[in-house]
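Reader: Could we go through this model together? I would like to begin with the strands and then move on to other topics.

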Amino acid sequence: MRSFVARQRERLLLSVTGYVYEHGWDEERVRLRGLELALDAGTREHLLRLGVRPGIRCLEIGAGGGAIACWLAEQVAPDGIVVATDLETDFLELRAAEYPTLQVLRHDLTAEDLPGDFDLIHARYVVEWLPNKLLALRRMVAALRPGGVLLDEEPDWVTIFETPESSALRHVMIAAMRYLEATCPIDTRHGDRVRPGARRLHPGDRRHARSCGGAVA
Ligand SMILES: C[S@@+](CC[C@H](N)C(=O)[O-])C[C@H]1O[C@@H](n2cnc3c(N)ncnc32)[C@H](O)[C@@H]1O
């Protein structure tokens with residue numbers, strides 16, 4: 001059973017960062033693994049297309065369970081580096097020992113600038129939760145070296161609202177979405193809105209205007 005202090009710390013963190021899932025929840029690692037199983041294949045495809053290769057410097061923001069960070073660490077070896085950040089880094093630290101090219105950084109994207117000079121930066125399903133999404137994008141762009149690439153994958157949860165699943169399931173999902181929207185800064189349409197936001201940062205800069213499916217690079 002988690003301590004009172006741990007629960008209070010998580011509530012305080014939520015009020016500041018916007019993120020709602022409790023890291024101390026018994027099933028959190030399982031939930032993150034579900035995301036990885038559903039999304040990693042597509043993410044890896046995007047990252048390879050965007051030039052992941054040995055020797056480059058990568059930043060994985062809000063790395064969660066760490067599967068993409070570990071995969072990147074293999075791709076950039078032996079001379080590259082991957083820095084994996086998260087609010088809570090224990091899942092990442094467990095895995096980092098196996099990957100000499102992987103560094104773990106406890107970091108809050110809402111509060112602090114990032115380290116810099118990266119060839120490639122990736123975030124997935126992170127910015128949608130944050131109170132100031134443009135500031136988060138700004139911080140990511142500022143951490144790129146000139147010519148570097150940002151891949152920010154954000155969902156548009158519209159599929160939940162329009163799913164052909166049973167109406168009972170749809171009602172439950174819609175109620176859950178509405179509850180989230182009322183209680184935290186999530187934007188359930190962020191995947192659809194991220195591209196114009198990125199363009200506002202660097203008008204005319206193709207680095208942030210290329211669409212690849214649900215993601216923006
Ligand atoms: C929905 S999970 C996605 C995890 C991983 N990116 C993936 O797609 O498998 C969001 C992750 O972002 C992290 N996160 C949330 N707010 C953050 C912040 N302000 N700074 C850094 N990481 C954050 C969470 O701790 C969590 O690991």
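**Strands, helix and core**

Author: In strand E4 (residues 118-124), seven of the seven residues are buried, so E4 is largely enclosed by the rest of the structure. Buried means that 20 or more other C-beta atoms lie within 10 Å of the residue's own; exposed means 12 or fewer, partly exposed is in between, and C-beta atoms are placed from the backbone. Helices (H or I, at least four residues) and strands (E, at least two) are DSSP runs, numbered from the N terminus.

Reader: What kind of model is this, and how are residues numbered?

Author: This is a predicted model, in which local features need pLDDT of at least 70 and side-chain atom pairs count only at pLDDT 80 or more, while totals for chains, interfaces and linings use all residues. Residues are numbered from 1 along each chain as its sequence is written.

Reader: In which sense do E1 and E4 pair, parallel or antiparallel?

Author: E1 and E4 pair in the parallel sense, over four bridges; strands pair if DSSP finds at least two bridges between them. Leu-59 stands opposite Ile-121 in E4. E4 also pairs with strand E5 (residues 144-153) in the parallel sense, over six bridges, and Ala-123 has Asp-152 in E5 as its bridge partner.

Reader: Which residues of H5 are buried?

Author: In helix H5 (residues 133-142), Lys-133, Ala-136, Leu-137 and Met-140 are buried. They cover an arc of only 95 degrees around the axis, taken from the directions from the helix axis to the C-beta atoms, which puts them on the same side of H5.

Reader: Why would such a spacing put residues on one side?

Author: An α-helix has 3.6 residues a turn, so residues three or four places apart point the same way.

Reader: Changing topic, which residues touch the most other members of the largest nonpolar core?

Author: Ala-69 and Val-82 do, among the 41 residues of that core. Such a core is a set of buried Ala, Val, Leu, Ile, Met, Phe, Trp, Tyr and Cys residues joined through C-beta atoms within 7 Å. The largest share of this core, seven residues, comes from H3.

Reader: And where does Arg-53 lie?

Author: Arg-53 lies in the loop between helix H2 (28-49) and strand E1 (57-61). Arg-53 is exposed, with 11 other C-beta atoms within 10 Å. Its C-alpha atom is separated by 8.5 Å from that of Gly-80, 27 residues apart along the chain.
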